[in-house]
Amino acid sequence: MKKEILPANKFEKIYRFGEVTSTMDVCEDLIKSGVRKGMVLAESQTAGRGRNAKKWVSEANGNIYLSFFDKLDTDFIPQRCAVAASSAVSQFVEKAGTVQIKWPNDILINQRKVSGIIAKTFDSGGKRFYICGIGVNVFMPEDPENNFVWKPAAVSEFAEVSGEEVLKILVKAVNSAFSFAQSSLILDVYAEKTSWMIGKNIVFSQDLVRKETGRIVGFSDDFSVVEIETGNGTEELSALSILSII
């Protein structure tokens, strides 16, 4: 990918690699070396990370494996990531499909997963940073073992695009989402994109072993908690995997 196609952004520098274990790992190494902000892009990952220790399929097929980091001085980081990824994907497929955020931060097109997000904090040298990873299926990923929890989607199903085009829009969207000083603007967009889930019956797991069923009845004000009505009453959960929507 050519450096000049990428817009200026608050993370300043983009580090490019061929194959890495994980772009999140590279971010940690850069922070340890004294770098204070940046973006990391890889052509492929041998140990791409998903939420709850899941693997993110990361072939060298033109899909986007991007992570970025900065000092921890902003709020609602997962929501900002989700809004950015949703906004970027929507610019290519909004007219051809429904782009939604699945709580907490997966991006779906017509109920199929096109983008996954992971966010964490990292301490180094007495300072705290956030590191975020965004994977986007520009092209359909391959998985010979068919281990996808959610059926995948790809941006190229809906528009003739290249990885470079999607990356350029994604970088702009990330820069915009993380430049908003007013958190309410981010939360308003996030609330709109997740509102479709309220009232839906779901199959979920809190430990990736035992499956449970329930109905989503709402979210906390900061969206850190999802409220689920089960046979035992209403539960407020902050960590779970939604396996399917019935």
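Modeller: Five bridges join β2 (residues 38–45) to β3 (residues 64–71), and the two strands run antiparallel. M39 stands opposite F68 in β3. This is a predicted model: local features need pLDDT of at least 70, side-chain atom pairs count only at pLDDT 80 or more, and totals for chains, interfaces and linings use all residues. Residues are numbered from 1 along each chain as its sequence is written, and side-chain values use heavy atoms, with hydrogens and water left out.

Biologist: What makes β2 and β3 a pair?

Modeller: Strands pair if DSSP finds at least two bridges between them. Here five bridges join β2 and β3. Strands themselves are DSSP runs of E, at least two residues, numbered from the N terminus; helices are runs of H or I, at least four.

Biologist: Why is the contact between E28 and K120 called a salt bridge?

Modeller: The term needs a side-chain nitrogen of Lys or Arg within 4 Å of a carboxyl oxygen of Asp or Glu. The N to O distance for E28 and K120 is 2.7 Å. E28 lies in helix α1 and K120 in strand β6, so the pair ties together parts 92 residues apart in sequence.

Biologist: Why does E28 count as buried?

Modeller: Buried means under 20% relative accessible area, exposed over 50%, partly exposed in between (1.4 Å probe, protein chains only). E28 has 12% relative accessibility, so E28 counts as buried. K120 has 29%, so K120 counts as partly exposed.

Biologist: What about D75 and R80?

Modeller: Their side chains meet in a salt bridge at 3.0 Å, N to O. R80 is buried at 1% relative accessibility. D75 is partly exposed at 32%.
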